[in-house]
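Please read the following report alongside the sequence and the coordinates, which are shown here.

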Amino acid sequence: MKEREMTSENPKSEVESRKSRAAAGSSRSTPDSSALRPSLVSWNITRQCNLACAHCYRDARELPDSGELTTAEGMQLIEETARVGFRVFVLSGGEPLMRADLCELIAAARDLGLRPVLGSNGTLITKKAAEKTRDAGLARAGISLDSVDPGYHNKLRGSPTAWQEAVAGMRACAAVGLPFQVNTTVTQQNERQLLEITDLAVELGAAGHHVFFLVPTGRGKDIAEQMVQAARYEELLEALLRKQQEIEIEIKPTCAPQFVRIADTLGLRTRFPMGCLAGRTYCVITPTGDVHPCPYLPVEAGNVRQQPFSRIWQESEVLLRLRQGSLEGMCGRCRWGARCFGCRARAYWATGGNMMAEDPWCALVARGRAGGTQR
């Protein structure tokens with residue numbers, strides 16, 4: 001997640017050169033399973049949280065689960081992920097700042113050459129907390145912000161002060177020199193504010209804006225009707241990709257792998273070469289040690305208390321199917337299939353359990369179902 005760099009003093013020339021490079025590279029070969037390398041791993045270190053967000057994929061609660069991984073088990077997990085070759089280690093929750101050994105875990109990841117980053121609601125990030133995590137080795141804090149004003153964010157997060165406290169957390173990070181990014185969950189209720197949130201992220205000094213499109217998992221199942229629908233979803237991805245050409249901070253669509261196809265089609269440059277990473281270069285470990293391909297795809301690949309994480313990553317049938325198996329339907333026939341890969345979590349949700357099915361939120365799938373052709 002290195003920062004993007006401007007390569008020209010002339011913004012217009014830079015945009016044109018980006019288009020040329022993208023067009024030249026749009027026909028490059030798609031990755032096969034032998035080319036996939038572990039990159040990013042997330043550990044939900046606790047289910048405990050001080051908020052009750054309506055969309056929470058982990059269904060976080062006021063108290064931690066009784067069987068959460070201990071500090072010693074967490075240290076072993078960190079060693080295993082480093083041994084496998086992962087580069088970025090995300091500590092999330094629940095709310096990770098509610099776990100007393102957070103700084104120990106951050107330091108352990110840093111000492112093993114991993115890049116520790118945080119996924120937080122931001123409400124507990126005081127200046128002191130920002131300093132402690134920075135000194136432990138935290139490379140970046142991801143802080144959730146779902147609107148440009150408090151109303152919607154506070155309603156979604158179940159707290160009348162969540163927005164104000166999240167912004168204060170960002171300012172605390174900035175004050176102590178801890179890089180942070182803004183994480184936004186997109187629904188029909190806030191999608192019109194999306195680019196304004198990007199502008200706010202820039203104003204606050206964020207290093208990036210990571211945009212998560214709602215996938216109904218955990219409590220998110222209860223607000224599935226608020227998912228941005230397929231046509232509007234594509235419009236938003238195009239808007240985000242065009243916005244990226246205008247600003248220096250990174251914009252990363254998540255649970256939205258079709259950005260790969262859209263970027264190629266528009267001739268726009270993006271430093272993210274693949275869409276869905278689930279099980280291919282990324283996985284998540286739950287608070288009690290279950291390994292899933294991603295937080296929104298609740299298919300168990302193993303448990304780190306029963307098998308070493310390295311063995312699960314290398315041998316799990318679930319993960320190997322995602323790396324070596326064939327996608328079905330339009331995703332299997334699409335020329336962007338191996339790079340985009342469709343959202344496996346959305347396919348799983350839409351079909352009631354088939355993670356290899358076509359992604360119904362893709363415009364090409366919708367066009368194919370309507371009788372169009374797919375190249």
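This is a predicted model: local features need pLDDT of at least 70, side-chain atom pairs count only at pLDDT 80 or more; totals for chains, interfaces and linings use all residues.

**Cysteines**

A disulfide is a covalent bond between the sulfur atoms of two cysteines. With a cut-off of 2.5 Å between cysteine sulfur atoms, the count comes to 0 disulfides. Cys 334 is in no disulfide, since the nearest cysteine sulfur, which belongs to Cys 362, is 6.3 Å away. Cys 362 is likewise in no disulfide, and the nearest cysteine sulfur to it, that of Cys 340, is 6.2 Å away.

| Residue | Relative accessible area | Class |
|---|---|---|
| Cys 334 | 18% | buried |
| Cys 362 | 8% | buried |
| Cys 340 | 7% | buried |

Which residues does Cys 340 touch, not counting residues up to four places away in sequence? The contacts of Cys 340 are Pro 257, Gln 258, Val 260, Gly 275 and Cys 276. Cys 340 itself lies in helix H13, which spans residues 337-340. Although Cys 340 and Pro 257 are 83 residues apart along the chain, their C-alpha atoms are separated by 5.1 Å.

**The sheet**

The model contains an open sheet of 10 strands with mixed pairing, and the strands follow the order S7-S6-S5-S4-S3-S2-S1-S8-S9-S10. At the edges stand strand S7 (250-254) and strand S10 (302-303), each with a single partner strand, so one side of each is left without a neighbour in the sheet. Strands of a sheet pair through backbone hydrogen bonds, either parallel or antiparallel. Strand S1 (residues 40-44) pairs with strand S2 (residues 88-92) in the parallel sense, over 5 bridges, and within this pair the bridge partner of Val 41 in S2 is Phe 89.

Helix H5 covers residues 150-157, and its buried residues are Tyr 152, His 153, Asn 154, Leu 156 and Arg 157.

Definitions and conventions
Residues are numbered from 1 along each chain as its sequence is written. Side-chain values use heavy atoms; hydrogens and water are left out. Buried means under 20% relative accessible area, exposed over 50%, partly exposed in between (1.4 Å probe, protein chains only). Helices (H or I, at least four residues) and strands (E, at least two) are DSSP runs, numbered from the N terminus. Contact means heavy atoms within 4.5 Å. Two strands pair if DSSP finds at least two bridges between them.
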